[in-house]
Amino acid sequence: MVESDGKNRLGALPDCIEMTETEPGFTTEINRRSGVNVDLCWQCKTCSGGCPFAESMDYHPNQIIRLVQLGVKNAALSSSSIWICVGCHTCSTACPQAIDMAAVMDALRQTAITEGAAIAEPHIHDFHKEVVNSIHRYGRTHKLEIMLRYNLARRNPFADFNLGLRMLQKRKLDLLPSKVRRMPDIRKLFKKKKAASHAG
Ligand code: SF4
Ligand code: SF4
């Protein structure tokens, strides 16, 4: 339910959800991708109570699980929650039913991308891509380059300039990237992942 101040509280699904929009097979697909059985969720909301980002999400973590249980595909794939989740696993470790919520969020992000769903938080998606590209290039992240590429793509090269400067002064950022020794293994992982995505 959406409260009078417009904010979505822990609890029932917002009234705007059309239950006619359910898609058979969506629950099975997310279960398969995440390795989780979402039907085990009993809606205790422990996950949402402990999530550090729940208040910034359009659907709280327990509501995301509910959407998946009911097969409300469009709402789940186009939600901001799946991009705001940082995969910290706080919810997964606290769940009394051992539901790996972080894996469900990951499966939803993957499905949103492969199915061309509207990405609710395109900047976050772009940032994810820069992080993955950095790992592909070096086997680890080069944070300075990620920030620069991300800001350039947004035509805002000097965003976070002061923050970057402070991080450099505190030696929290490396000026130059360095590669891990076993780059061929990293490339193999990326190839394997690509082949798996094409397979299904
Ligand atoms: S903590 Fe687990 S069982 Fe409780 S609502 Fe969240 S996913 Fe469901
Ligand atoms: S993994 Fe995502 S949903 Fe779970 S607590 Fe962390 S941010 Fe919230």
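**Entry 1: the order of elements.** I read the elements from the N terminus on and noted α-α-α-α-α-α-α-α-α-α-α. My tally for the chain is 11 helices and zero strands. A reminder to myself: this is a predicted model.

**Entry 2: the chain as a whole.** I looked up burial next, and buried residues account for 22% of the 200 residues in the chain. Then I turned to contacts between residues at least 6 apart in sequence, and found that 63% of them join residues at least 24 apart.

**Entry 3: the core.** In soluble globular proteins, nonpolar side chains tend to be buried together. With that in mind I asked how many residues the largest nonpolar core has. The count is 31, and the residues with the most contacts inside this core are Val38, Val68, Ala76, Met101, Val104 and Leu108. Which elements give two or more residues to this core? I listed helix H1 (26-34), helix H3 (61-70), helix H4 (73-77), helix H5 (81-84) and helix H7 (101-114). H7 supplies the largest share, seven residues.

Leaving out residues up to four places away in sequence, Leu108 touches Ile30, Ala76, Leu77 and Ile82.

**Entry 4: helix H3.** After H3 comes Gly71, and I noted its positive phi, near 75 degrees.

**Entry 5: a pair of helices.** Two packed helices are described by the angle between their axes and the distance between the axes. I looked up both values for helix H8 (residues 122-138) and helix H9 (residues 143-153): the angle is about 140 degrees, and the axes are 9 Å apart. H8 and H9 are therefore oblique to each other. Their crossing is right-handed.

Which residues make the contact? From H8 I noted Asp126, Phe127, Glu130, Val131 and Ser134, and from H9 Glu145, Ile146, Arg149, Tyr150 and Ala153. Sorted by class, this contact of H8 with H9 has five nonpolar, one polar and four charged residues.

Terms used:
Residues numbered from 1 in each chain as written. Chains lettered and ligands numbered in written order. Predicted model: local features only at pLDDT ≥ 70, side-chain atom pairs only at ≥ 80, totals over all residues. Axes fitted to C-alpha atoms, helices over the stretch in contact; angles between N-to-C directions. Helix = DSSP H or I, 4+ residues; strand = E, 2+ residues; numbered from the N terminus. Parallel < 35°, antiparallel > 145°, perpendicular 65-115°, else oblique. Left-handed = near helix turned anticlockwise from the far one by under 90°. Contact = placed C-beta atoms within 7 Å. Nonpolar A, V, L, I, M, F, W, Y, C, P; charged D, E, K, R; others polar. Core = buried A, V, L, I, M, F, W, Y, C linked by C-beta atoms within 7 Å. Buried ≥ 20, exposed ≤ 12 C-beta atoms within 10 Å, placed from the backbone.
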